[in-house]
Structures are given as structure tokens and as C-alpha cells.
Amino acid sequence: MLSIARRAATALILASTLLAGCSDDPPDYEIKGDVCDLITENAVQARVSEPPEVQSDPANGQCELAYASGSITLLLFAEVFPDPAAATVKFDQFKSADGTVEALDDLGEAAYLRRWHDDSKPWSPQDLSVFKFVVRDGSLVLSYHYSGFVTDPAGWPATEQEMQALLRADVQSVMEKLAV
């Protein structure tokens, strides 16, 4: 009888260990050094031959990359807050300042996309566009902002959805680099 109780207890411990390993909790995040190092490889750099002009403010978790004489700009803000509640406050500040946004369900605990271009005609990489992804995941708040237009559309996405997917991949890459 005692061995059955031990087996049951062992099975219960194993089951709880497996469940703990399957948690949907966000990872811990940590910013080490300059946030510009997080986006050295990005969707824009892969399509522009010139290196960007870099303005970095590591103390405030900000990086600005300007490409092609200013026709394209990427802005990255990343901060790990002391607790998720503080991250939520910052995320909500971004969201209220951005106005009309599209909620994203599968990027962090909370995320949205702020987009802008002239919707009276089909999207083109040669037209001025703005895409801003903002993500909150645990104590991390990340904002990745693309604005600009391209002078030569060769090699750029043909649709807005493809462009969003490229920029979204940049966001996911940054989050993976920050995960401890």
C-alpha cells in the first residue's frame, strides 16, 4: 500500500513539474548595453546598401537609424521596468498617444500596430508610410517605428502586409535577443 502512495506522489510531482515547464508566463528580459546593437540586422538594412546614420541614447533605451539620406528612419525604444504594472503604465501611455491602433493578439502579452499611409490608393514602398509596433510582455515595453519611403522599390515588399511582416520579424528578433 505504501508503494502505491509513493508512486502516486511521484506521479503528482512529475505532472506539476511538467506543467510548470509549460507556463505561458513571459520570459525575463534584460537590456545589456546599447539598444542599437539589437537592430543591427533589420528589414531595412537588408534592402539599403548604405549604412545608417546612428543616434543612440542607451541611458533611455532609444536608438534612431536614418537610412538613404533620411528617406527612411527606424526608431527603437526598449525598456525593462521594475515590474509588470510599471510596464503597463508605459504601454498605456504609448497607446493613448498613438490614437487609432490595431490590436495584435500574438505578440507579447499586449501589442498593437499604429499605421499610416494614404489609403486612397494601394500601398507602395515609394509612398510615405509609418508603421509602429508597440509590445508589452511582462516587464518589457518595446516600440519599433518605421517611417519613410524608398526611392527604388526593387527588393521591397509589394504589399503592405508583407512590409508589416518584415517589420514584425524585426520586433520578434529584438524580443528574443532581450530574453534572458
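Analyst: The secondary structure of the chain comes to three helices and seven strands, where helices (H or I, at least four residues) and strands (E, at least two) are DSSP runs numbered from the N terminus. This is a predicted model, in which local features need pLDDT of at least 70, side-chain atom pairs count only at pLDDT 80 or more, and totals for chains, interfaces and linings use all residues. Residues are numbered from 1 along each chain as its sequence is written, and side-chain values use heavy atoms, with hydrogens and water left out.

User: What share of the residues of the chain count as buried?
Analyst: Buried means under 20% relative accessible area, exposed over 50% and partly exposed in between, with a 1.4 Å probe and protein chains only. Of the 180 residues of the chain, the share that counts as buried is 38%.

User: Which residues form a disulfide?
Analyst: A disulfide is taken as a pair of cysteine sulfur atoms within 2.5 Å, and by this rule the count comes to one. With sulfur atoms 1.9 Å apart, the pair that forms it is Cys36 and Cys63.

User: How many residues apart in sequence are the parts that this pair ties together?
Analyst: Cys36 lies in the loop between H1 and S1, whereas Cys63 lies in strand S2 (residues 62-67).

User: Is the disulfide of Cys36 and Cys63 right-handed or left-handed?
Analyst: Cys36 is buried, with a relative accessible area of 8%, and Cys63 is buried as well, at 2%. The torsion about their S-S bond is about 105°, so the disulfide is right-handed.

User: Is Lys32 buried or exposed?
Analyst: Lys32 has its place in the loop between helix H1 (2-21) and strand S1 (53-57), and its C-alpha atom is separated by 9.6 Å from that of Pro58, 26 residues apart along the chain. Because its relative accessibility is 65%, Lys32 counts as exposed.

User: Which residues does Gln164 touch, not counting residues up to four places away in sequence?
Analyst: Gln164 lies in helix H3 (residues 160-178) and, at 16% relative accessibility, counts as buried. Contact means heavy atoms within 4.5 Å. Leaving out residues up to four places away in sequence, Gln164 touches Leu113, Arg115, Phe131 and Phe133.
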